[in-house]
Amino acid sequence: MDILNALVAFANFVLVPGTAYGAQLALGALGVTLIYGILRFSNFAHGDTMAFGTMFTVLITAAMKSVGISFGPLPTALLALPFAILCTMALVLATDRVVYRFYRKVKAAPVMLVIVSMGVMFVMNGAVRMFVGTDDRRFADGERFIITARDFKTMTGLSEGLAIRTTQVITVVAAIIVVAALFWFLNRTRTGKSMRAYADNEDLALLSGINPERVVTITWLIVAALATVAGTLYGLDKSFKPFIYMQLLLPIFASAIVGGLGSPLGAIAGGFVIAFSEVTLTYAFKKVLTYLVPESWAPDGLVQLLSTDYKFAVSFAILIIVLLFKPTGLFKGKSV
């Protein structure tokens, strides 16, 4: 039995990638839960808003690299990210003015806004693919690894190596900074408190003198920033392919619903629940078990519950279970 090597193998293929993926889903779910909690509809265009934001980052990064601008050992995309956020903010504000504002004025039912957001989703998805094509784009440069498997083996003397990519560390650090800034804004600033009041009781907030259009504008700006950061971090960690962000909509919504729609804290918790569920249930445990059991007991098969092709099916199954038995989620958000 070799417990240390088993732990390192588990960390290398489950804990580290699961943590990075969970941070990405949490940021995406925060955008969904803010729209649901404040604007009161499920924004099915959120995944493609992430795609648009990431597309802006990819294009600006390419422009920076073409004139010799880089960020040393860190990805140049981090320099491009603020400009991409501004572009995405302009996009979502224009979409709100052209599309969503009319339905707010006529006080359309939430289901109507959901259908409208689906239309926006298809338009955005087609536009992204028209601008940048459908191929995978890898735009991460700089140092690839914080620590390589070979270096880890040399330092520890273990036979199993642990590799930590730069993009994984950047994802976790950026997520912590963004979440801390968002919670500070919502809890400490006057605008944030106005947004929370509007989400709790719209009529009472209007009687208190809160400007609803200002709340809506600030909400869209925050959602645009969250979508761009989440999409860029996912693209840096994996790769940028426009259609994958539409597929990400399922685990992102599952994260928001598992945590409790309308609850920012729940969105974060739900992101990690979904991420670790997907990664753990689709991981082949053969290597870990080989270290833990005697050689004669070593499994012949992969010891994999589900193929990685069914990763999103895990999110779907969890989503259905939560909707059936606890529709308010872990943190008692608004029921679906």
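**Close-up views of a predicted model**

Tyrosine 234 and tyrosine 245 are both buried (under 20% relative accessible area; exposed is over 50%, partly exposed in between, with a 1.4 Å probe and protein chains only). This is a predicted model, in which local features need pLDDT of at least 70 and side-chain atom pairs count only at pLDDT 80 or more, while totals for chains, interfaces and linings use all residues. Residues are numbered from 1 along each chain as its sequence is written, and side-chain values use heavy atoms, with hydrogens and water left out.

**View A. Stacked rings of phenylalanine 44 and phenylalanine 253.** The structure holds eleven aromatic pairs (rings of Phe, Tyr and Trp, the last by its six-membered ring, with centres within 6.5 Å; planes under 30 degrees apart are stacked, over 60 edge-to-face, the rest tilted). The ring centres of phenylalanine 44 and phenylalanine 253 are 5.1 Å apart and the planes meet at 25 degrees, so this pair is stacked. It links distant parts of the chain, 209 residues apart: phenylalanine 44 is in the loop between α1 (3-39) and α2 (46-66), and phenylalanine 253 is in helix α11 (residues 249-259). Helices are DSSP runs of H or I with at least four residues, numbered from the N terminus. Phenylalanine 44 is partly exposed at 27% relative accessibility, whereas phenylalanine 253 is buried at 9%.

**View B. Edge-to-face rings of tyrosine 234 and tyrosine 245.** The ring centres of tyrosine 234 and tyrosine 245 lie 5.9 Å apart with planes at 70 degrees, so the pair is edge-to-face. Tyrosine 234 belongs to helix α9 (residues 212-237) and tyrosine 245 to helix α10 (residues 242-247), so the pair ties together parts eleven residues apart in sequence.

**View C. Threonine 228 in helix α9.** Threonine 228 is buried, with 0% relative accessibility. Its side chain makes a polar contact with the side chain of threonine 88 at 3.0 Å (N or O atoms within 3.5 Å; within protein, one must be able to donate a hydrogen and the other to accept it, and residues adjacent in sequence count only if both atoms are side-chain atoms).

**View D. Charges over tyrosine rings.** Arginine 40 lies over the face of tyrosine 198, 5.3 Å from the ring centre. Lysine 311 lies over the face of tyrosine 21, 5.2 Å from the ring centre. The criterion is NZ of Lys or CZ of Arg within 6 Å of the ring centre and within 35 degrees of the ring normal.

Conventions: Helices (H or I, at least four residues) and strands (E, at least two) are DSSP runs, numbered from the N terminus.
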